[in-house]
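Please read the following note alongside the model. The points concern annotation, fold, packing and surface.

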Amino acid sequence: MHTSTFTRSDTLFGMLLTIFLFVKSDIKTTLIPITILSVSSAPLCTPHRIVPVVWWIFLHLLQFDTSNQIQDVEEDAKNKPIRPLPAGRISLRHAIILRWGLVPACWIISIVHGGPVLFSSVALVLFTILYNELQAHRHWLTKNIVTAIGFASFEIGGTLIAGCDASHMDAAACLSVAISTAVFATTIHTQDFKDEEGDRLTGRMTLPIMSPQLGRASILPLLAFWSIAVSFVWQLTWAYSILLLCFSVLVGVRFLLLRNRAADQTSFLLYNVWLSAVHILPGYWRYIQYQDPCLE
């Protein structure tokens with residue numbers, strides 16, 4: 001690994017590319033699904049609010065990813081060699097400076113939106129430390145729980161910013177975040193199958209390593225259960241409910257039957273499509289079922 005600051009990033013474009021590579025793998029897993037949930041749950045005050053929502057989520061995601069990627073450079077060299085540290089785009093020392101410099105930056109942009117958003121930011125920073133620096137990610141149970149609560153912090157902050165009143169979330173928004181947190185807690189192990197080789201290398205005890213058959217077999221019933229549950233909660237039509245259920249079965253069957261890294265990467269991508277569809281449903285309930293974005 002190179003030891004200069006931004007070894008391949010000494011231009012503005014190079015620095016922006018390095019920043020992008022820190023978060024690249026989490027755009028589909030975090031930035032897009034949480035933005036969708038925030039906009040659907042708020043309800044969205046004006047379309048212009050989408051920009052600060054995306055910026056807030058992105059900056060906090062960058063804070064999390066830099067924290068995560070300075071922990072296990074060896075794992076990333078195996079699983080994701082294009083990331084900035086194993087690719088030699090930035091030194092470990094300067095990645096650490098960036099990681100901790102992002103904490104006050106996150107709090108500054110949060111306080112602009114008020115106390116509740118700042119609270120979400122502080123909670124997210126604390127859960128990032130618990131997950132990465134204190135290594136809650138090393139066992140599948142603590143990893144799932146802390147990840148789910150961390151995602152809830154993302155979602156609360158994004159939802160508050162998207163709404164017209166950044167100090168308040170209505171009952172539907174709270175229910176949306178609660179359901180999303182439960183979905184994450186019970187299904188987030190879908191992301192670990194594609195990373196199994198690197199996780200073994202670092203001694204991480206994920207569910208695919210500790211109990212691979214249970215991990216794969218659990219995905220189908222869990223996705224099917226949540227598809228039925230959210231269809232009922234958000235009052236989908238029978239057609240939409242069956243479509244969502246069938247897609248969840250497709251994802252679950254893929255994880256169960258197709259067991260190589262390339263297949264797991266595709267299955268996880270499809271899982272994120274399913275998750276994004278689930279996150280859209282509060283918006284369906286607000287804007288199509290009741291056609292009242294201000295419904296309390």
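1. UniProt positions are given here in the numbering used for this model, with feature names shortened, and such annotations may be inferred rather than shown by experiment. The unreviewed UniProt entry places the feature "transmembrane region" at residues 107-131, 238-257 and 269-288. This is a predicted model, in which local features need pLDDT of at least 70 and side-chain atom pairs count only at pLDDT 80 or more, while totals for chains, interfaces and linings use all residues. Residues are numbered from 1 along each chain as its sequence is written, and side-chain values use heavy atoms, with hydrogens and water left out.

2. The chain has 13 helices and zero strands, these being DSSP runs (helices H or I, at least four residues; strands E, at least two) numbered from the N terminus. Of the annotated spans, residues 107-131 are 88% helix and 0% strand, with end C-alpha atoms 19 Å apart, whereas residues 238-257 are 100% helix and 0% strand, with end C-alpha atoms 28 Å apart.

3. The radius of gyration of the chain, 19 Å, agrees with the value near 19 Å that a compact globule of 296 residues would have; the radius is taken over C-alpha atoms, and the globule rule is 2.2 Å times the number of residues to the power 0.38. Along its principal axes, the C-alpha trace spans about 55 × 50 × 30 Å.

4. Buried residues (under 20% relative accessible area, 1.4 Å probe, protein chains only) make up 51% of the 296 residues in the chain. Among contacts (heavy atoms within 4.5 Å) between residues at least 6 apart in sequence, 75% join residues at least 24 apart.

Notes. Buried < 20%, exposed > 50% of the residue type's maximum accessible area, 1.4 Å probe, protein only.
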